[in-house]
Amino acid sequence: MSHSYHAVRLAKSDKESFLSVMGSAFAEDPLFIYMFGDPKLDNRANKSIQAFLSFIFDKSFLLNEEIWGIYKKESLLGAYVIETPHKSKLQQINGGLLLLGRLLPLLTRISHKSLGQLNAYMRVTRTAAPALPHHYLIMIGVKPDAQGSGIGKALLLHALETALADDNSHGVALDTENVDNVNLYRRFAFTLSQELQIGHLPVYCMFYQKGQRT
């Protein structure tokens, strides 16, 4: 699993770079458009997306999640957020209490409809996830002008390496709403475990199990 890019774990000081990269990377994502609207047509959608990404970033430092990214000089080119399987009940309780302070600002930035759709998505996709302990790839994105240069591949391989090095993890689960991504992930030995529907949005649940060739 060698590649020419080096992923680094992001710190709290990387937040603005993360929001910029992921905001552009997910501007045309089916799930984001479904939940928040098209940011090209509605400025409120862009504000909602930024608020949601801010929440995702802050959440990773409160719960058992990690954010990794690839920089070129001083510019962040891509990143991913991953949930690890190491989480005690005490960590869940403490993290959940701290998370309430981050959740309140989000509720003022997104509509009740978007919140309902988000809750439905999380409930359905996590129910479909494997019962065995595993890493969950929450999101992965590359800024548009850096796509096609191998950064997304390097980030995904790094995520797989992280799971492979973890004796407590049985692999990596992810969800995608873009049917074109299904074959892409299959090239990395992910298998399609379930195909779901949330409203009019198709959701493809995939899993990479340890022992599969990449």
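## Questions on a predicted model

From the N terminus on, the elements run β-α-α-α-β-β-α-α-β-α-β-α-β-β. This is a predicted model, in which local features need pLDDT of at least 70 and side-chain atom pairs count only at pLDDT 80 or more, while totals for chains, interfaces and linings use all residues. Residues are numbered from 1 along each chain as its sequence is written, and side-chain values use heavy atoms, with hydrogens and water left out.

Reader: How many helices and strands are there in the protein?

Author: Helices (H or I, at least four residues) and strands (E, at least two) are DSSP runs, numbered from the N terminus. By that rule the protein has 7 helices and 7 strands.

Reader: What percentage of the residues of the protein count as buried?

Author: A residue is buried under 20% relative accessible area, exposed over 50%, and partly exposed in between, with a 1.4 Å probe and protein chains only. Of the 214 residues of the protein, the share that counts as buried is 46%.

Reader: Among contacts between residues at least 6 apart in sequence, what percentage join residues at least 24 apart?

Author: A contact means heavy atoms within 4.5 Å. Among contacts between residues at least 6 apart in sequence, the share that joins residues at least 24 apart is 73%.

Reader: What span should α5 have, and how far apart are its end C-alpha atoms?

Author: The expected span of a helix is 1.5 Å times one less than its number of residues. For the 17 residues of α5 this gives 24 Å, and the distance between the end C-alpha atoms agrees, at 24 Å.

Reader: Where around α5 do its buried residues lie, and which residues are exposed on the other side?

Author: The buried residues of α5 are S114, Q117, L118, A120, Y121, T125 and A128. They lie on the same side of α5 because they cover an arc of only 165° around the axis, the arc being that of the directions from the helix axis to the C-beta atoms. Their cover includes α2 (30-36), α3 (43-62), β4 (135-142), β5, β6 (191-198) and β7. On the other side of α5, the exposed residues are H112, R123 and T127.

Reader: How many cavities of 30 Å³ or more are there, and how much space lies in the largest cavity?

Author: On a 1 Å grid over the protein atoms alone, a cavity is a set of points where a 1.4 Å probe fits but cannot get out. Grid points are joined across faces, edges and corners, and a volume is the space filled by probe spheres set on the points. The count at 30 Å³ or more is 1 cavity, and the space in the largest cavity is about 40 Å³.

Reader: Which residues lie nearest the centre of the largest cavity, and which elements give two or more residues to its lining?

Author: Lining residues have an atom within 4 Å of a point. The largest cavity has 13 of them, and those nearest its centre are A129, P130, A173, C205 and M206. The elements that give two or more residues to this lining are α5 (112-128), β5 (171-176) and β7 (201-209).

Reader: How many residues of the lining of the largest cavity are nonpolar, polar and charged?

Author: Ala, Val, Leu, Ile, Met, Phe, Trp, Tyr, Cys and Pro count as nonpolar, Asp, Glu, Lys and Arg as charged, and the others, Gly among them, as polar. The lining divides into 9 nonpolar, 2 polar and 2 charged.

Reader: What covers the buried residues of α1?

Author: Helix α1 takes in residues 15-25, and its buried residues are K15, F18, L19, V21, M22 and G23. What covers them includes α3, β2 (65-72), β3 (75-83) and β4.

Reader: Is S60 buried or exposed, and which residues does S60 touch?

Author: S60 is found in helix α3. With a relative accessible area of 5%, S60 is buried. Not counting residues up to four places away in sequence, S60 touches E65 and I67.

Reader: What is the phi of K73, and what is that of A189?

Author: Most residues other than glycine have a negative phi. Neither is a glycine, yet phi is positive in both: about 60° for K73 and near 75° for A189.

Technical notes. 1 Å grid on protein atoms, 1.4 Å probe; cavity = no way out; pocket = protein on both sides within 12 Å on 5 of 7 lines; lining within 4 Å.
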